[in-house]
Amino acid sequence: MKNIAVYPGTFDPITFGHIDLVDRAARIFDRVIVAIAISTNKRPCFLIEERVQLAQAVLAHHQNVEVYGFESLLLHFMKEHDANIILRGLRAVSDFDYEFQLAGMNRQMNPQVESLFLTPAENFTYISSSFVREIAQMNGDVSKFVPEQVARALTEKFKE
């Protein structure tokens with residue numbers, strides 16, 4: 001059986017922390033699917049197509065990583081892609097409670113799917129997409145937190 005991991009999130013925008021997790025997951029799993037949620041309730045800055053395109057661009061160097069947008073229940077998306085692992089990132093202890101509850105709910109709905117957690121490298125633990133958006137919105141330099149093409153996309157987005 002192949003281990004196919006799905007790394008779900010809004011990735012609005014994708015950051016060096018996200019990329020670090022994908023880089024390490026790509027070494028561990030046969031396939032990694034970055035599943036970008038529509039998440040209209042979060043009112044994303046970038047459209048789903050833009051987030052998918054940015055993620056594809058910065059992750060293109062991986063042969064075993066795919067990027068898709070989705071708006072279904074995560075477990076339905078996983079079934080469509082024959083995935084058996086939910087990959088989640090934990091930056092701080094504060095993330096744990098929510099992720100622990102989510103893993104329990106997913107296990108109740110499908111006991112065949114495992115939730116695994118990775119922490120980003122120490123130099124990326126403080127990065128969050130919402131902080132990056134806020135800095136960019138105020139014309140701050142986000143180049144330490146996101147790849148160049150993402151920084152450019154943020155600059156363009158906030159010119160609008």
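This is a predicted model: local features need pLDDT of at least 70, side-chain atom pairs count only at pLDDT 80 or more; totals for chains, interfaces and linings use all residues.
Visitor: Which element gives the most residues to the lining of the largest cavity?

Guide: The search of the whole structure finds one cavity of 30 Å³ or more, and the largest cavity holds about 40 Å³ of space. Two elements give two or more residues to its lining, namely β4 (85–89) and α4 (93–109). The greatest contribution, four residues, comes from α4.

Visitor: How many residues of the lining of the largest cavity are charged?

Guide: The lining includes Leu74, Ile86, Arg88 and Glu99. Arg and Glu count as charged, whereas Leu and Ile count as nonpolar. Over the whole lining, four residues are nonpolar, two are polar, and the number of charged residues is two.

Visitor: Are Arg88 and Glu99, which meet in a salt bridge, buried or exposed?

Guide: Side chains of opposite charge can pair when their charged atoms come close. Arg88 and Glu99 meet at 2.7 Å, N to O, and the pair ties together strand β4 and helix α4, parts that are 11 residues apart in sequence. A residue is buried when its relative accessible area is under 20%. Arg88 has 16% and Glu99 has 7%, so both residues are buried.

Visitor: What separates Lys159 and Glu156 along helix α6?

Guide: Lys159 forms a salt bridge with Glu156, with the closest N and O atoms 3.3 Å apart. Lys159 is exposed at 60% relative accessibility, while Glu156 is partly exposed at 46%. Because the two residues are three residues apart in helix α6 (residues 148–159), their separation is about one helical turn.

Terms used
Residues are numbered from 1 along each chain as its sequence is written. Side-chain values use heavy atoms; hydrogens and water are left out. On a 1 Å grid over the protein atoms alone, a cavity is a set of points where a 1.4 Å probe fits but cannot get out, and a pocket is an open set with protein on both sides within 12 Å along at least five of seven lines; lining residues have an atom within 4 Å of a point. Grid points are joined across faces, edges and corners, and a volume is the space filled by probe spheres set on the points. A salt bridge is a side-chain nitrogen of Lys or Arg within 4 Å of a carboxyl oxygen of Asp or Glu. Buried means under 20% relative accessible area, exposed over 50%, partly exposed in between (1.4 Å probe, protein chains only).
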